[in-house]
Amino acid sequence: MTLTPGVDAPTWPPEFAERYRAAGHWRGETFGGMLRERAAAHPDRIALVDPAPERRTWTYRELDARADRLAAGFLARGITKGDRVVVQLPNVGEFVEVVFALFRIGALPVYALPAHRETEISHFCSFTEAVAYVVPDRHAGFDHRDLAARIRERTPGLRHVFVAGDPGEHTALSEVPCEPSGPFDGPEPHELAFLQLSGGTTGLNKLIPRTHDDYLYSLRGSDEICGVDGDTRFLVVLPAAHNFPMSSPGWLGVLYAGGTAVLAPKPDPATAFPLIETERITMTALVPPLALVWTEAASATGHDLSTLELVLVGGAKYSEQAARRLEPALGCTLMQVFGMAEGLVNYTRRDDDTETVVTTQGRPISPDDDVRIVDDQDRDVPEGEFGHLLTRGPYTIRGYWRAPDHNRRSFTEDGFYRTGDIVRRTPTGHLVVEGRAKDQINRGGEKIAPEEVENIILAHPSVHDVSVVSVPDEYLGERSLAYVILRRGAEPLKPAAVKRFVRERGIAAYKIPDLVEFVDAFPRTGVGKISKTQLRSAAGQA
Ligand code: OOB
């Protein structure tokens, strides 16, 4: 299906696009073309390693050829340029093959996370009018083929389900590839490459339309800052579909530079440390809770971690105390990353002093990242004071996919994205994340929109009202707490029953409230709205 530029996805005004091209940020590359060039330049280098259950490797030539054959197979099944394909694969080689095959024909991967369930997947499939859904057979004890069957039943437009592994009633991904009959009529560099997921604040996730030009620029910038090159061996520990391990600099940044990406099936030290040793890993990206676990496990490990040179930590606030411990424990350099799938990514730099690295969340990739820090009336705050972070630039979107109303609230008239983060800027231009104005819970890097969970709990027949808030947590940074008011005369409920009700609705497990408390009333603001601030502080004192 052809997409209408500027309608499905708002785009940069022409004068900005011209500026970003003239500055050399947008170079007219596509992902399909990028892989083709790397395969020509160094065909026999290893691009990808999938170590489990038995070790598989892909050279650049093999990855390129396999993407071609899979692209030809998708085309033969009627998947064409502009079509959306929901991809829900864990960290396996097939994930990379599938997305490069889609890039090559200009179909758009929609990056679901392995944890997503019926609620999220059916939203992605129906909202994007997806024609196909790609799943593993089983992952983490869950049968994705059953989920796919249910999704297919309720989504008439979904024509294909492809399964990596044993397909059951669906089509095996391994059956799809065929000989290409000629060159592909691929996408233009300014066109969309894929849809990423937003953390979300209101109800279900918004979708983030990223172009080849803009995303490739963020990769190039990230590679330069992190020192990624052909010798880099990057361990993908977090879910490969998330923006951070994908592009900051992530496995895509590594492929861009001609290095090797190794896919870890699980993030725990028992899985990752042996891989660091045997695969001679030089770089990885972690969320703060994982960085804590690794820091603690490093002292007792018998594995040789000495190849590890750089660890990036981001996705949620990393405490200064924890940050101070990482470098000595893991014997490598730390870089903090404060990024967002909507665009802007900040890094501390390799030549920053230790104080800057442990106390700030970095500065933007690009000299053309416009950053404003403003008060509630959108007026710039005095330098050094904290306020709302607004940003626009060569790799920050100008609007979400098909969400004009939401876009009016989330972007200023002159195109700045309202990040919802409260930050201040140090004299060196580094940003310090002080908090958040958006109604979102950041559970160790996994984002939860309270409203989505509230809507599910409200459907319970005994529930009169509900408010979901964050509570501080030593390990995760934040956990979720659902305050529930029961209907008058309703059967009393136990917290476990509320959690079970949410789980049974088919939702990612990380969104199930960690805690449930029953109350008689909510504190209200002056205008009668529920005061989440008061609820949060009540929870903090509990
Ligand atoms: C990354 O992307 P998202 O889209 O999952 O989440 C973005 C939000 C930010 O707006 C901020 O609220 C929070 O996550 N965040 C941080 C942070 N990094 C992200 N809050 C405090 N300190 C940090 N270092 O999370 C993401 C995307 C690309 C690179 C890194 C992270």
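**View 1. A mixed open sheet runs through 9 strands in the order β2-β1-β13-β12-β14-β15-β16-β17-β18.** Strands here are DSSP runs of E, at least two residues, and helices are runs of H or I, at least four residues, both numbered from the N terminus; two strands pair if DSSP finds at least two bridges between them. The edges belong to β2 (56-59) and β18 (363-364), each with a single partner strand, so one side of each has no neighbour in the sheet. This is a predicted model, so local features need pLDDT of at least 70 and side-chain atom pairs count only at pLDDT 80 or more, while totals for chains, interfaces and linings use all residues. Residues are numbered from 1 along each chain as its sequence is written, and side-chain values use heavy atoms, with hydrogens and water left out.

**View 2. β12 and β13 run parallel.** Look for residues 233-236 of β12 and 260-263 of β13, joined by 4 bridges. Phe 234 sits opposite Ala 261 in β13.

View 3. Angles run from 0 to 180 degrees between N-to-C directions, with axes fitted to C-alpha atoms, for helices over the stretch in contact; contact means heavy atoms within 4.5 Å.

**View 4. The ligand sits in a shell of 19 residues.** The closest are Val 337, Ala 341, Asp 421, Lys 438 and Lys 447. For polar contacts (N or O pairs within 3.5 Å), start at Val 337, where a backbone N or O atom is 2.7 Å from a ligand nitrogen. A side-chain N or O atom of Asp 421 lies 2.5 Å from a ligand oxygen, and one of Lys 447 is 3.0 Å from a ligand oxygen. On its own the ligand exposes 600 Å², and the protein buries 96% of that (Shrake-Rupley areas, 1.4 Å probe). β16 gives the shell its largest share, 4 residues.

**View 5. β25, β26 and β27 make an open sheet of 3 strands, in that order and with mixed pairing.** β25 (463-473) and β27 (515-518) are the edge strands. β26 (residues 477-486) pairs with β27 in the parallel sense over 4 bridges, and Ala 482 has Val 516 in β27 as its bridge partner. Helix α15 (residues 450-458) packs on this sheet, touching β25 and β26, with its direction at about 145° to that of β25.

Key: A residue is near a molecule or strand if one of its heavy atoms lies within 4 Å of it. A polar contact is a pair of N or O atoms within 3.5 Å; within protein, one must be able to donate a hydrogen and the other to accept it, and residues adjacent in sequence count only if both atoms are side-chain atoms.
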